[in-house]
Amino acid sequence: MPGKKVWVLTMLLGMLTVTASAAGQAVLRCGWFDNPTPNNAWLIDRDGEWTISEQGGHQAEGDWPSLNGQQWVATNGSHGHGCACMRVIAIPGSHDIARILSTQAKPLQQCRKDPALRGKEPL
């Protein structure tokens with residue numbers, strides 16, 4: 001019954017498409033990566049503040065950016081902030097990041113010079 005197999009395959013592909021749409025699209029976001037305390041992290045970009053991790057709560061899948069040396073401003077021991085671009089998938093209708101697909105550290109000056117990020121550098 002080749003017709004039934006094609007129908008089942010078509011239904012499965014349709015379900016995958018709906019699932020991918022519901023999960024959101026991958027988007028490149030660049031801005032301040034803020035990790036002020038253990039297990040708390042946000043990305044602050046031109047569209048607002050995106051939750052990556054909250055201690056005891058939401059946790060995005062994927063690796064955080066590796067920022068060190070001149071790319072990092074320590075504000076609380078080893079915690080602090082830096083500038084990064086992240087390819088992420090957000091939970092639709094929220095500012096919660098579901099998955100981090102990739103990250104790239106950027107010089108602090110890139111965020112400091114971006115007019116859309118003026119006044120948004122974490123303390």
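This is a predicted model: local features need pLDDT of at least 70, side-chain atom pairs count only at pLDDT 80 or more; totals for chains, interfaces and linings use all residues.
Student: What makes Cys30 and Cys85 a disulfide?

Tutor: Look at their sulfur atoms, which are 2.0 Å apart. The cut-off is within 2.5 Å, so the pair counts as a disulfide.

Student: Why is the disulfide of Cys30 and Cys85 called right-handed?

Tutor: It's down to the torsion about the S-S bond, which is about 115 degrees, so this disulfide is right-handed.

Student: Which strands hold Cys30 and Cys85?

Tutor: Cys30 sits in strand β1 (residues 26–37), and Cys85 in strand β5 (residues 79–90). The two are 55 residues apart, and the pair links distant parts of the chain.

Student: Why is Cys30 called partly exposed?

Tutor: Its relative accessible area is 29%. Buried needs under 20% and exposed needs over 50%, so Cys30 with its 29% falls in between and is partly exposed.

Student: And how do you know that Cys85 is buried?

Tutor: For Cys85 the relative accessible area is 7%. The limit for buried is under 20%, so Cys85 is buried.

Student: What makes Cys83 and Cys111 a disulfide?

Tutor: Here again you check the sulfur atoms: those of Cys83 and Cys111 are 2.0 Å apart. That distance is within 2.5 Å, so this pair is a disulfide too. Cys83 lies in strand β5 and Cys111 in helix α2 (residues 108–113), so the pair ties together parts that are 28 residues apart in sequence.

Student: Are Cys83 and Cys111 buried or exposed?

Tutor: Cys83 is buried, and Cys111 is buried as well. As for handedness, their link has 80 degrees about the S-S bond and is right-handed.

Student: How many disulfides does the structure hold, and what pattern do they follow?

Tutor: There are two. Count the bonded cysteines along the chain and the pattern reads 1-3, 2-4.

Student: How confident is the predictor, going by pLDDT?

Tutor: The average pLDDT is 87, and 81% of the residues score at least 70. Over residues 6–22, though, the pLDDT is below 50, and beyond near neighbours in sequence this stretch has one contact in the model.

Technical notes
Residues are numbered from 1 along each chain as its sequence is written. Side-chain values use heavy atoms; hydrogens and water are left out. Helices (H or I, at least four residues) and strands (E, at least two) are DSSP runs, numbered from the N terminus. Buried means under 20% relative accessible area, exposed over 50%, partly exposed in between (1.4 Å probe, protein chains only). pLDDT is the predictor's confidence in each residue, from 0 to 100. Contact means heavy atoms within 4.5 Å.
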